[in-house]
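The following questions and answers concern how two chains meet. Please examine the sequence and the structure before reading on.

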2 protein chains.
Amino acid sequence: MVTGINKTTDEDKIRALIDGWAKALRTKDVNGIMSHYAPDFVAFDLAPPLQHGADAFSKGLEDWFPTFEGPIGYEIRGLSISAGNDAAFSSSLNRMTGTKSSGEKMDLWVRATFGFRKIGDQWKIAHEHVSVPFHMDGSFRAAVDLRP
Amino acid sequence: MVTGINKTTDEDKIRALIDGWAKALRTKDVNGIMSHYAPDFVAFDLAPPLQHGADAFSKGLEDWFPTFEGPIGYEIRGLSISAGNDAAFSSSLNRMTGTKSSGEKMDLWVRATFGFRKIGDQWKIAHEHVSVPFHMDGSFRAAVDLRP
């Protein structure tokens with residue numbers, strides 16, 4: 001079935017896209033990261049406000065990366081990809097590790113959802129949603145200490 | 001173009017699916033809500049843990065709904081849908097309002113991302129990610145007071 005073959009290829013291409021994105025993140029390469037996104041993409045990120053466009057997102061990375069000493073650890077676990085002919089989405093639990101300039105160690109698991117659109121022949125990230133839940137004990141503390 | 005016609009129809013179907021889902025949520029109809037999901041769906045929800053399967057998600061709704069007096073307000077703003085032939089995703093900013101049994105008013109904007117898969121002839125929610133960001137001032141407070 002041609003449909004089946006196309007689907008497999010698209011899933012492979014998206015997996016490679018995510019791999020490339022994560023590599024760029026680990027090496028704090030802002031331009032490398034941004035090359036994986038559609039120009040009009042919308043991010044729901046860990047930090048306020050509720051949503052960010054490409055410019056604010058890129059600026060956020062530029063501000064955030066220097067707060068780490070050396071490279072960032074980025075592990076992607078349980079990646080699930082659902083790909084159609086020109087739209088797709090993925091979900092995974094991602095672990096960010098590193099040492100902050102202050103010397104503090106960071107070890108944070110987040111939930112990551114990506115929406116992809118095929119633009120011409122190329123898959124791009126059109127939407128990204130990264131978050132942690134928050135405790136429902138009235139404290140409204142972000143749950144930054146969860147493990148899968 | 002046949003592709004174009006199919007895409008419009010799929011987007012319409014997904015919009016109707018989201019409408020039906022929101023209506024069921026407003027009336028606290030757990031079975032009605034659950035009928036919109038694929039059996040193996042995975043939720044990244046406001047509350048811990050990092051992810052929930054269908055059983056835990058349904059149980060969470062059953063526990064959560066009685067904490068409200070009367071119906072829940074649920075507004076969906078800026079809904080964007082990208083639909084392929086058998087995978088799609090959406091993003092929006094959603095406002096939840098209501099009165100808790102304690103008398104406390106709730107008015108919360110969240111970011112909502114859905115992943116959809118076409119199962120047979122029917123679109124279903126295969127993945128859901130609902131969150132708020134958290135403040136990066138060292139307090140780790142969930143940002144429950146943001147407005148779009």
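Buried area is the accessible area (1.4 Å probe) that two parts lose on being put together, summed over both. The model is predicted: local features need pLDDT of at least 70, side-chain atom pairs count only at pLDDT 80 or more, and totals for chains, interfaces and linings use all residues. Residues are numbered from 1 along each chain as its sequence is written, chains are lettered from A in the order in which they are written, and side-chain values use heavy atoms, without hydrogens and water.

Q: What is the area buried between chain A and chain B?
A: On the side of chain A, L50(A), F89(A) and R111(A) lose the most area to chain B, together 20% of what that side buries. Carbon and sulfur atoms give 70% of the area buried between the two chains, and that area is about 3,600 Å².

Q: How are the two copies related?
A: Superposed by least squares on the C-alpha atoms of residues with pLDDT of at least 70 in both, chain A can be laid on chain B with an RMSD of 0.0 Å by a turn of 180° and a shift of 0.0 Å along the axis. The two copies are therefore related as by a two-fold rotation axis.
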